[in-house]
Amino acid sequence: MKPKGLSTFYVLLATQAVSMVGTRTSSLAVGIAVFRMTGHATPLALVSVFWALPWLFFGGLGGALADRFDRRTLMLAANLGYCVTNGLLLAAFVSGAFQVWQLYVLTFANGVFGAMEAPALQASTAMLVPDRHRDRANAVQQLSYPAAVVVASSFAGVLYATVGVVGAIVVDLGTFVTAIAVLALVRIPMPAASPEGRAVRGGLWRQSVYGIGYLAGRPALLALCLYIALISAIASGFWALMTPYVLDRVQQTTTFGLVIGAGFSGAIAGSIAMGAWGGMRPRIHTIMLSTIAAGAFMALSGAARSPIALGASLFAMTFAIPFANAATNSIYQAKVAPDLQGRVFAVMAQLSALLAPLASLAAGPLADRVFEPAIARPGWQAVAWLVGGAPGAGIGLIYVIAGLAILATSVVAYAMPKVRRLEASLPDHSGP
(Lines give C-alpha, C1' and ligand atoms only; values in the text may rest on other atoms or scores of the structure.)
Protein backbone atom coordinates (compact mmCIF):
# COMPACT_ATOMS: atom_id res chain seq x y z
CA MET A 1 0.00 0.00 0.00
CA LYS A 2 1.39 3.40 -0.94
CA PRO A 3 1.91 5.99 1.81
CA LYS A 4 -0.73 8.72 1.76
CA GLY A 5 1.90 11.39 1.08
CA LEU A 6 3.10 9.49 -1.97
CA SER A 7 -0.40 9.61 -3.47
CA THR A 8 -0.51 13.37 -2.84
CA PHE A 9 2.87 13.73 -4.55
CA TYR A 10 1.66 11.98 -7.69
CA VAL A 11 -1.52 14.06 -7.76
CA LEU A 12 0.60 17.21 -7.61
CA LEU A 13 2.90 15.81 -10.27
CA ALA A 14 0.02 15.03 -12.64
CA THR A 15 -1.38 18.52 -12.09
CA GLN A 16 2.03 20.05 -12.77
CA ALA A 17 2.34 18.03 -15.98
CA VAL A 18 -1.04 19.26 -17.24
CA SER A 19 -0.11 22.84 -16.37
CA MET A 20 3.23 22.45 -18.13
CA VAL A 21 1.53 21.23 -21.31
CA GLY A 22 -0.69 24.29 -21.23
CA THR A 23 2.23 26.63 -20.61
CA ARG A 24 4.37 25.05 -23.31
CA THR A 25 1.48 25.19 -25.80
CA SER A 26 0.84 28.85 -25.00
CA SER A 27 4.57 29.65 -25.22
CA LEU A 28 4.86 28.06 -28.65
CA ALA A 29 1.76 29.90 -29.89
CA VAL A 30 3.01 33.23 -28.56
CA GLY A 31 6.42 32.48 -30.07
CA ILE A 32 4.85 31.91 -33.49
CA ALA A 33 2.92 35.18 -33.19
CA VAL A 34 6.01 37.15 -32.12
CA PHE A 35 8.17 35.66 -34.86
CA ARG A 36 5.54 36.50 -37.48
CA MET A 37 5.27 40.01 -36.05
CA THR A 38 9.00 40.76 -35.90
CA GLY A 39 10.61 38.36 -38.36
CA HIS A 40 13.53 37.89 -35.93
CA ALA A 41 14.61 35.14 -33.54
CA THR A 42 16.32 37.51 -31.06
CA PRO A 43 13.10 38.55 -29.25
CA LEU A 44 12.37 34.88 -28.54
CA ALA A 45 15.90 34.32 -27.24
CA LEU A 46 15.50 37.32 -24.92
CA VAL A 47 12.35 35.77 -23.44
CA SER A 48 14.45 32.99 -21.91
CA VAL A 49 16.78 35.60 -20.40
CA PHE A 50 13.89 37.52 -18.80
CA TRP A 51 12.59 34.22 -17.42
CA ALA A 52 15.97 33.32 -15.88
CA LEU A 53 16.83 36.70 -14.28
CA PRO A 54 14.31 36.44 -11.41
CA TRP A 55 15.73 33.02 -10.49
CA LEU A 56 19.15 34.62 -10.17
CA PHE A 57 18.05 37.59 -8.08
CA PHE A 58 15.10 36.19 -6.14
CA GLY A 59 15.82 32.46 -5.98
CA GLY A 60 17.25 32.66 -2.46
CA LEU A 61 14.24 34.61 -1.26
CA GLY A 62 11.94 31.97 -2.76
CA GLY A 63 13.87 29.27 -0.91
CA ALA A 64 13.62 31.14 2.40
CA LEU A 65 9.87 31.59 1.91
CA ALA A 66 9.50 27.86 1.21
CA ASP A 67 11.23 27.01 4.49
CA ARG A 68 9.35 29.54 6.62
CA PHE A 69 5.80 29.50 5.29
CA ASP A 70 3.21 26.97 4.21
CA ARG A 71 4.43 25.53 0.93
CA ARG A 72 0.99 24.80 -0.45
CA THR A 73 0.02 28.44 0.09
CA LEU A 74 3.13 29.58 -1.78
CA MET A 75 2.29 27.34 -4.72
CA LEU A 76 -1.28 28.61 -4.69
CA ALA A 77 -0.06 32.21 -4.70
CA ALA A 78 2.31 31.49 -7.61
CA ASN A 79 -0.47 29.93 -9.70
CA LEU A 80 -2.74 32.88 -8.96
CA GLY A 81 0.09 35.11 -10.15
CA TYR A 82 0.35 33.10 -13.38
CA CYS A 83 -3.38 33.63 -13.90
CA VAL A 84 -2.95 37.40 -13.54
CA THR A 85 -0.01 37.63 -15.98
CA ASN A 86 -1.69 35.35 -18.50
CA GLY A 87 -4.88 37.37 -18.18
CA LEU A 88 -2.94 40.54 -18.96
CA LEU A 89 -1.27 38.86 -21.94
CA LEU A 90 -4.66 37.66 -23.16
CA ALA A 91 -6.08 41.17 -22.84
CA ALA A 92 -3.16 42.58 -24.84
CA PHE A 93 -3.76 40.18 -27.75
CA VAL A 94 -7.56 40.51 -27.67
CA SER A 95 -7.37 44.31 -27.71
CA GLY A 96 -4.76 44.33 -30.48
CA ALA A 97 -2.42 46.39 -28.28
CA PHE A 98 0.21 43.68 -27.81
CA GLN A 99 3.85 44.79 -27.99
CA VAL A 100 6.94 42.65 -27.48
CA TRP A 101 8.13 44.63 -24.44
CA GLN A 102 4.93 43.57 -22.66
CA LEU A 103 5.93 39.95 -23.14
CA TYR A 104 9.30 40.66 -21.51
CA VAL A 105 7.65 42.29 -18.48
CA LEU A 106 5.12 39.50 -18.03
CA THR A 107 7.79 36.82 -18.54
CA PHE A 108 9.92 38.46 -15.84
CA ALA A 109 6.90 38.43 -13.50
CA ASN A 110 6.29 34.76 -14.26
CA GLY A 111 9.95 34.12 -13.47
CA VAL A 112 9.42 35.68 -10.04
CA PHE A 113 6.43 33.40 -9.43
CA GLY A 114 8.42 30.41 -10.68
CA ALA A 115 11.31 31.23 -8.33
CA MET A 116 8.77 31.18 -5.49
CA GLU A 117 6.93 28.03 -6.58
CA ALA A 118 9.81 25.72 -7.55
CA PRO A 119 11.63 25.59 -4.16
CA ALA A 120 8.29 25.00 -2.41
CA LEU A 121 7.48 22.08 -4.72
CA GLN A 122 10.97 20.58 -4.57
CA ALA A 123 11.18 20.87 -0.79
CA SER A 124 7.74 19.25 -0.45
CA THR A 125 8.98 16.02 -2.00
CA ALA A 126 10.88 14.99 1.13
CA MET A 127 7.74 15.53 3.22
CA LEU A 128 5.51 13.47 0.93
CA VAL A 129 7.81 10.71 -0.35
CA PRO A 130 9.72 8.29 1.93
CA ASP A 131 13.41 7.88 1.08
CA ARG A 132 12.95 4.37 -0.31
CA HIS A 133 10.57 5.76 -2.95
CA ARG A 134 12.42 8.96 -3.82
CA ASP A 135 14.59 7.77 -6.71
CA ARG A 136 11.52 6.47 -8.52
CA ALA A 137 9.41 9.49 -7.59
CA ASN A 138 12.09 11.92 -8.75
CA ALA A 139 12.49 9.92 -11.96
CA VAL A 140 8.75 10.12 -12.67
CA GLN A 141 8.96 13.87 -12.03
CA GLN A 142 11.52 14.08 -14.84
CA LEU A 143 8.77 12.99 -17.25
CA SER A 144 6.90 16.28 -16.97
CA TYR A 145 8.98 18.53 -19.20
CA PRO A 146 9.81 16.17 -22.12
CA ALA A 147 6.24 14.84 -22.15
CA ALA A 148 4.92 18.40 -22.17
CA VAL A 149 7.23 19.30 -25.08
CA VAL A 150 6.14 16.28 -27.12
CA VAL A 151 2.42 16.86 -26.46
CA ALA A 152 2.56 20.64 -26.83
CA SER A 153 4.68 20.53 -29.98
CA SER A 154 2.07 18.41 -31.74
CA PHE A 155 -0.84 20.36 -30.24
CA ALA A 156 0.33 23.97 -30.51
CA GLY A 157 0.39 24.19 -34.30
CA VAL A 158 -3.14 22.82 -34.64
CA LEU A 159 -4.43 25.02 -31.82
CA TYR A 160 -2.77 28.12 -33.28
CA ALA A 161 -4.26 27.40 -36.70
CA THR A 162 -7.79 26.90 -35.31
CA VAL A 163 -8.18 29.37 -32.43
CA GLY A 164 -5.01 31.44 -32.65
CA VAL A 165 -2.78 32.70 -29.87
CA VAL A 166 -5.81 33.88 -27.87
CA GLY A 167 -7.20 30.33 -27.69
CA ALA A 168 -3.80 28.94 -26.64
CA ILE A 169 -3.57 31.44 -23.77
CA VAL A 170 -7.12 30.55 -22.66
CA VAL A 171 -6.11 26.86 -22.55
CA ASP A 172 -3.08 27.78 -20.43
CA LEU A 173 -5.29 29.77 -18.06
CA GLY A 174 -7.52 26.72 -17.71
CA THR A 175 -4.59 24.56 -16.60
CA PHE A 176 -3.62 27.09 -13.94
CA VAL A 177 -7.19 27.13 -12.62
CA THR A 178 -7.03 23.32 -12.44
CA ALA A 179 -3.78 23.52 -10.49
CA ILE A 180 -5.32 26.00 -8.05
CA ALA A 181 -8.31 23.70 -7.50
CA VAL A 182 -6.06 20.71 -6.78
CA LEU A 183 -3.77 22.67 -4.46
CA ALA A 184 -6.81 23.87 -2.52
CA LEU A 185 -7.71 20.24 -1.75
CA VAL A 186 -4.37 18.57 -0.94
CA ARG A 187 -2.37 18.80 2.26
CA ILE A 188 1.41 19.23 2.38
CA PRO A 189 2.88 18.81 5.88
CA MET A 190 5.46 21.33 7.06
CA PRO A 191 8.73 19.92 8.39
CA ALA A 192 9.67 20.03 12.04
CA ALA A 193 12.45 22.47 12.88
CA SER A 194 15.86 20.82 12.67
CA PRO A 195 18.83 21.81 14.87
CA GLU A 196 20.41 23.53 11.86
CA GLY A 197 17.18 25.34 11.05
CA ARG A 198 16.74 26.57 14.65
CA ALA A 199 20.29 27.91 14.58
CA VAL A 200 19.50 30.29 11.71
CA ARG A 201 18.99 33.80 13.02
CA GLY A 202 17.94 37.04 11.38
CA GLY A 203 15.24 38.24 9.06
CA LEU A 204 14.02 36.91 5.76
CA TRP A 205 16.84 38.46 3.75
CA ARG A 206 19.56 36.86 5.90
CA GLN A 207 17.77 33.54 5.70
CA SER A 208 17.51 33.86 1.92
CA VAL A 209 21.31 33.72 1.59
CA TYR A 210 21.70 31.00 4.21
CA GLY A 211 21.66 28.23 1.58
CA ILE A 212 25.03 29.39 0.24
CA GLY A 213 26.58 29.26 3.69
CA TYR A 214 24.99 25.89 4.38
CA LEU A 215 26.57 24.39 1.27
CA ALA A 216 29.90 26.12 1.95
CA GLY A 217 30.02 24.25 5.26
CA ARG A 218 29.55 20.97 3.39
CA PRO A 219 32.18 21.10 0.62
CA ALA A 220 31.15 17.81 -0.98
CA LEU A 221 27.54 18.97 -1.43
CA LEU A 222 28.75 22.34 -2.73
CA ALA A 223 31.09 20.60 -5.19
CA LEU A 224 28.20 18.48 -6.46
CA CYS A 225 26.05 21.61 -6.79
CA LEU A 226 28.74 23.48 -8.76
CA TYR A 227 29.30 20.45 -10.96
CA ILE A 228 25.60 20.18 -11.81
CA ALA A 229 25.39 23.93 -12.51
CA LEU A 230 28.38 23.75 -14.89
CA ILE A 231 27.02 20.74 -16.74
CA SER A 232 23.60 22.42 -16.99
CA ALA A 233 25.19 25.55 -18.44
CA ILE A 234 26.97 23.58 -21.15
CA ALA A 235 23.71 21.77 -21.91
CA SER A 236 21.88 25.12 -22.17
CA GLY A 237 24.19 26.19 -24.98
CA PHE A 238 23.56 22.83 -26.64
CA TRP A 239 19.77 23.26 -26.57
CA ALA A 240 19.97 26.89 -27.69
CA LEU A 241 21.48 25.71 -31.00
CA MET A 242 19.29 22.65 -31.45
CA THR A 243 16.78 24.09 -33.94
CA PRO A 244 19.28 25.57 -36.44
CA TYR A 245 21.57 22.55 -36.11
CA VAL A 246 18.93 19.93 -36.81
CA LEU A 247 17.42 22.00 -39.64
CA ASP A 248 20.83 22.35 -41.30
CA ARG A 249 21.57 18.65 -40.95
CA VAL A 250 18.22 17.22 -42.14
CA GLN A 251 16.98 20.10 -44.37
CA GLN A 252 13.29 19.09 -44.28
CA THR A 253 10.91 20.43 -41.64
CA THR A 254 8.99 17.15 -41.42
CA THR A 255 12.19 15.25 -40.70
CA PHE A 256 13.19 17.99 -38.26
CA GLY A 257 10.07 17.28 -36.19
CA LEU A 258 10.79 13.56 -36.14
CA VAL A 259 14.38 14.08 -35.00
CA ILE A 260 13.37 16.51 -32.23
CA GLY A 261 10.61 14.13 -31.18
CA ALA A 262 13.13 11.29 -30.99
CA GLY A 263 15.32 13.40 -28.73
CA PHE A 264 12.62 14.19 -26.20
CA SER A 265 11.27 10.63 -26.41
CA GLY A 266 14.63 9.53 -25.04
CA ALA A 267 14.04 11.64 -21.93
CA ILE A 268 10.62 10.07 -21.46
CA ALA A 269 12.04 6.55 -21.85
CA GLY A 270 14.90 7.36 -19.47
CA SER A 271 12.50 8.67 -16.82
CA ILE A 272 10.40 5.51 -17.07
CA ALA A 273 13.49 3.31 -16.89
CA MET A 274 14.86 5.14 -13.85
CA GLY A 275 11.46 4.96 -12.20
CA ALA A 276 11.32 1.19 -12.72
CA TRP A 277 14.95 0.55 -11.72
CA GLY A 278 15.64 3.10 -8.99
CA GLY A 279 19.34 3.56 -9.73
CA MET A 280 22.53 2.32 -8.07
CA ARG A 281 23.74 2.76 -4.53
CA PRO A 282 25.61 4.92 -3.71
CA ARG A 283 23.60 7.28 -5.89
CA ILE A 284 26.70 9.22 -6.96
CA HIS A 285 27.52 6.32 -9.31
CA THR A 286 24.21 6.81 -11.12
CA ILE A 287 24.87 10.56 -11.44
CA MET A 288 28.39 10.33 -12.77
CA LEU A 289 28.02 7.34 -15.09
CA SER A 290 24.83 8.68 -16.67
CA THR A 291 26.38 12.14 -17.16
CA ILE A 292 29.48 10.63 -18.74
CA ALA A 293 27.18 8.73 -21.11
CA ALA A 294 25.21 11.90 -21.89
CA GLY A 295 28.42 13.77 -22.72
CA ALA A 296 29.60 10.99 -25.02
CA PHE A 297 26.30 10.91 -26.92
CA MET A 298 26.23 14.70 -27.14
CA ALA A 299 29.60 14.55 -28.88
CA LEU A 300 28.29 11.82 -31.19
CA SER A 301 25.29 13.98 -32.08
CA GLY A 302 27.74 16.62 -33.33
CA ALA A 303 29.32 14.10 -35.66
CA ALA A 304 25.99 12.65 -36.87
CA ARG A 305 25.12 13.61 -40.44
CA SER A 306 22.03 11.54 -41.23
CA PRO A 307 18.58 11.91 -39.64
CA ILE A 308 18.73 8.37 -38.25
CA ALA A 309 22.16 8.84 -36.67
CA LEU A 310 21.19 12.23 -35.29
CA GLY A 311 17.88 11.01 -33.88
CA ALA A 312 19.53 7.96 -32.32
CA SER A 313 22.32 9.96 -30.66
CA LEU A 314 19.87 12.55 -29.28
CA PHE A 315 17.63 9.78 -27.99
CA ALA A 316 20.55 8.12 -26.21
CA MET A 317 21.77 11.43 -24.77
CA THR A 318 18.41 12.47 -23.36
CA PHE A 319 17.78 8.91 -22.13
CA ALA A 320 20.74 9.28 -19.75
CA ILE A 321 19.78 12.68 -18.29
CA PRO A 322 16.83 11.65 -16.03
CA PHE A 323 19.04 9.14 -14.22
CA ALA A 324 21.41 11.93 -13.14
CA ASN A 325 18.64 14.41 -12.30
CA ALA A 326 16.60 11.98 -10.19
CA ALA A 327 19.62 10.70 -8.25
CA THR A 328 20.88 14.25 -7.60
CA ASN A 329 17.55 15.35 -6.16
CA SER A 330 17.42 12.22 -4.00
CA ILE A 331 20.86 12.94 -2.53
CA TYR A 332 19.92 16.48 -1.53
CA GLN A 333 16.58 15.32 -0.12
CA ALA A 334 18.40 12.70 1.97
CA LYS A 335 21.26 14.89 3.21
CA VAL A 336 19.55 18.25 3.79
CA ALA A 337 17.03 18.74 6.59
CA PRO A 338 13.51 19.28 5.19
CA ASP A 339 13.19 22.75 6.75
CA LEU A 340 16.33 23.86 4.86
CA GLN A 341 15.70 22.24 1.49
CA GLY A 342 13.90 25.23 0.01
CA ARG A 343 16.98 27.40 0.45
CA VAL A 344 19.39 24.74 -0.77
CA PHE A 345 17.38 23.94 -3.89
CA ALA A 346 17.10 27.68 -4.51
CA VAL A 347 20.90 28.00 -4.51
CA MET A 348 21.09 25.25 -7.13
CA ALA A 349 18.56 27.11 -9.27
CA GLN A 350 20.44 30.40 -8.80
CA LEU A 351 23.72 28.91 -9.96
CA SER A 352 22.02 27.52 -13.05
CA ALA A 353 20.30 30.87 -13.64
CA LEU A 354 23.70 32.59 -13.49
CA LEU A 355 25.51 30.29 -15.91
CA ALA A 356 22.83 28.96 -18.26
CA PRO A 357 21.74 32.30 -19.83
CA LEU A 358 25.38 33.23 -20.38
CA ALA A 359 25.95 29.95 -22.20
CA SER A 360 22.78 30.38 -24.26
CA LEU A 361 23.67 33.95 -25.24
CA ALA A 362 27.23 32.96 -26.13
CA ALA A 363 26.19 29.94 -28.19
CA GLY A 364 24.51 31.95 -30.98
CA PRO A 365 27.42 34.32 -31.75
CA LEU A 366 29.90 31.44 -31.54
CA ALA A 367 27.90 29.51 -34.12
CA ASP A 368 27.11 32.46 -36.42
CA ARG A 369 30.41 34.35 -36.30
CA VAL A 370 33.06 31.75 -35.55
CA PHE A 371 32.29 28.08 -36.20
CA GLU A 372 29.88 28.16 -39.15
CA PRO A 373 31.99 30.70 -41.14
CA ALA A 374 35.04 28.53 -40.44
CA ILE A 375 33.61 25.79 -42.67
CA ALA A 376 34.65 27.78 -45.76
CA ARG A 377 38.24 28.26 -44.58
CA PRO A 378 41.11 25.96 -45.63
CA GLY A 379 41.90 24.81 -42.10
CA TRP A 380 38.47 23.23 -41.75
CA GLN A 381 39.71 20.11 -43.52
CA ALA A 382 41.41 19.11 -40.29
CA VAL A 383 38.01 18.45 -38.68
CA ALA A 384 35.85 17.81 -41.76
CA TRP A 385 36.44 14.08 -41.41
CA LEU A 386 34.59 14.25 -38.07
CA VAL A 387 31.72 16.69 -38.62
CA GLY A 388 31.63 17.21 -42.39
CA GLY A 389 31.77 20.40 -44.41
CA ALA A 390 28.09 21.17 -45.08
CA PRO A 391 26.01 23.80 -43.26
CA GLY A 392 25.56 22.74 -39.65
CA ALA A 393 29.04 21.26 -39.40
CA GLY A 394 30.24 24.26 -37.40
CA ILE A 395 27.54 23.76 -34.78
CA GLY A 396 28.32 20.06 -34.95
CA LEU A 397 31.89 20.82 -33.88
CA ILE A 398 30.52 22.91 -30.99
CA TYR A 399 28.49 19.87 -29.96
CA VAL A 400 31.53 17.62 -30.12
CA ILE A 401 33.54 20.04 -27.95
CA ALA A 402 30.65 20.51 -25.49
CA GLY A 403 30.06 16.78 -25.18
CA LEU A 404 33.73 16.06 -24.58
CA ALA A 405 33.82 18.90 -22.02
CA ILE A 406 30.93 17.30 -20.11
CA LEU A 407 32.58 13.90 -20.32
CA ALA A 408 35.97 15.19 -19.10
CA THR A 409 34.44 17.31 -16.32
CA SER A 410 32.45 14.32 -15.11
CA VAL A 411 35.48 12.04 -15.11
CA VAL A 412 37.47 14.60 -13.08
CA ALA A 413 34.61 15.07 -10.60
CA TYR A 414 34.12 11.31 -10.30
CA ALA A 415 37.82 10.91 -9.50
CA MET A 416 37.55 13.28 -6.51
CA PRO A 417 37.30 11.16 -3.34
CA LYS A 418 35.20 13.80 -1.50
CA VAL A 419 32.57 13.71 -4.23
CA ARG A 420 32.67 9.96 -4.79
CA ARG A 421 32.33 9.24 -1.04
CA LEU A 422 29.84 12.03 -0.37
CA GLU A 423 27.03 9.78 0.77
CA ALA A 424 29.21 7.84 3.19
CA SER A 425 30.91 10.87 4.70
CA LEU A 426 27.82 13.04 5.14
CA PRO A 427 25.06 11.54 7.30
CA ASP A 428 21.42 11.62 6.29
CA HIS A 429 19.21 14.08 8.13
CA SER A 430 17.16 12.54 10.91
CA GLY A 431 13.76 13.72 9.67
CA PRO A 432 11.26 12.03 7.29
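A cavity is a set of grid points where a 1.4 Å probe fits but cannot get out. The exercises below use this term and concern a predicted model.

**Exercise 1. The cavity**

Task: State how much space lies in the largest cavity and which residues line the largest cavity.

Solution. 
- Step 1. The structure holds one cavity of 30 Å³ or more.
- Step 2. The space in the largest cavity comes to about 30 Å³.
- Step 3. Its lining is formed by Q122, T125, N138, Q141, N329, Q333 and F345.
- Step 4. Two or more of the lining residues come from each of α4 (100–128), α5 (131–141) and α14 (307–335).
- Step 5. Sorted by class, the lining has six polar residues, one nonpolar residue and no charged residues.

**Exercise 2. A serine in α14**

Task: Determine whether S330 is buried or exposed, and find the side chain with which its own side chain makes a polar contact.

Solution. 
- Step 1. S330 belongs to helix α14.
- Step 2. The relative accessibility of S330 is 0%. Buried means under 20%, so S330 counts as buried.
- Step 3. Leaving out residues up to four places away in sequence, S330 touches R134, D135, N138 and R283.
- Step 4. With N138, one of these residues, S330 makes a polar contact from side chain to side chain at 2.9 Å.
- Step 5. N138 is also among the residues that line the largest cavity.

**Exercise 3. The chain as a whole**

Task: Compare the radius of gyration of the chain with that of a compact globule of 432 residues, and describe the secondary structure of the chain.

Solution. 
- Step 1. The chain has 19 helices and zero strands.
- Step 2. For 432 residues, a compact globule would have a radius of gyration near 22 Å. The chain has 22 Å, so the two agree.
- Step 3. The C-alpha trace spans about 65 × 60 × 40 Å along its principal axes.
- Step 4. Of the 432 residues, 51% are buried.
- Step 5. Among contacts with a separation of 6 or more, 84% are between residues 24 or more positions apart.

**Exercise 4. The second largest pocket**

Task: Give the class make-up of the lining of the second largest pocket and the helices that supply at least two residues each.

Solution. 
- Step 1. About 240 Å³ of space lies in the second largest pocket.
- Step 2. The lining consists of 13 residues; those nearest the centre of the pocket are I234, G237, L366, I398 and A402.
- Step 3. At least two lining residues are supplied by each of α10 (219–240), α15 (341–374) and α17 (393–415).
- Step 4. By class, 12 lining residues are nonpolar, one is polar and none is charged.

**Exercise 5. Three prolines**

Task: Locate P427, P189 and P282 relative to the helices, and identify the residue that a cis peptide bond joins to P282.

Solution. 
- Step 1. P427 is in the segment after α19 (422–425).
- Step 2. Exposed means over 50% relative accessible area; P427, at 59%, therefore counts as exposed.
- Step 3. P427 and K335 are 92 residues apart along the chain, and their C-alpha atoms are separated by 6.5 Å.
- Step 4. P189 sits in the loop between α6 (144–185) and α7 (195–199). Apart from neighbours within four places in sequence, P189 contacts M127 and L128.
- Step 5. P282 is in the loop between α12 (253–277) and α13 (283–303).
- Step 6. Most peptide bonds are trans. The bond joining R281 and P282 is cis, with omega about -5 degrees.

Technical notes. Residues are numbered from 1 along each chain as its sequence is written. This is a predicted model: local features need pLDDT of at least 70, side-chain atom pairs count only at pLDDT 80 or more; totals for chains, interfaces and linings use all residues. Side-chain values use heavy atoms; hydrogens and water are left out. On a 1 Å grid over the protein atoms alone, a cavity is a set of points where a 1.4 Å probe fits but cannot get out, and a pocket is an open set with protein on both sides within 12 Å along at least five of seven lines; lining residues have an atom within 4 Å of a point. Grid points are joined across faces, edges and corners, and a volume is the space filled by probe spheres set on the points. Helices (H or I, at least four residues) and strands (E, at least two) are DSSP runs, numbered from the N terminus. Ala, Val, Leu, Ile, Met, Phe, Trp, Tyr, Cys and Pro count as nonpolar, Asp, Glu, Lys and Arg as charged, and the others, Gly among them, as polar. Buried means under 20% relative accessible area, exposed over 50%, partly exposed in between (1.4 Å probe, protein chains only). A polar contact is a pair of N or O atoms within 3.5 Å; within protein, one must be able to donate a hydrogen and the other to accept it, and residues adjacent in sequence count only if both atoms are side-chain atoms. Contact means heavy atoms within 4.5 Å. The radius of gyration is taken over C-alpha atoms; the globule rule is 2.2 Å times the number of residues to the power 0.38.
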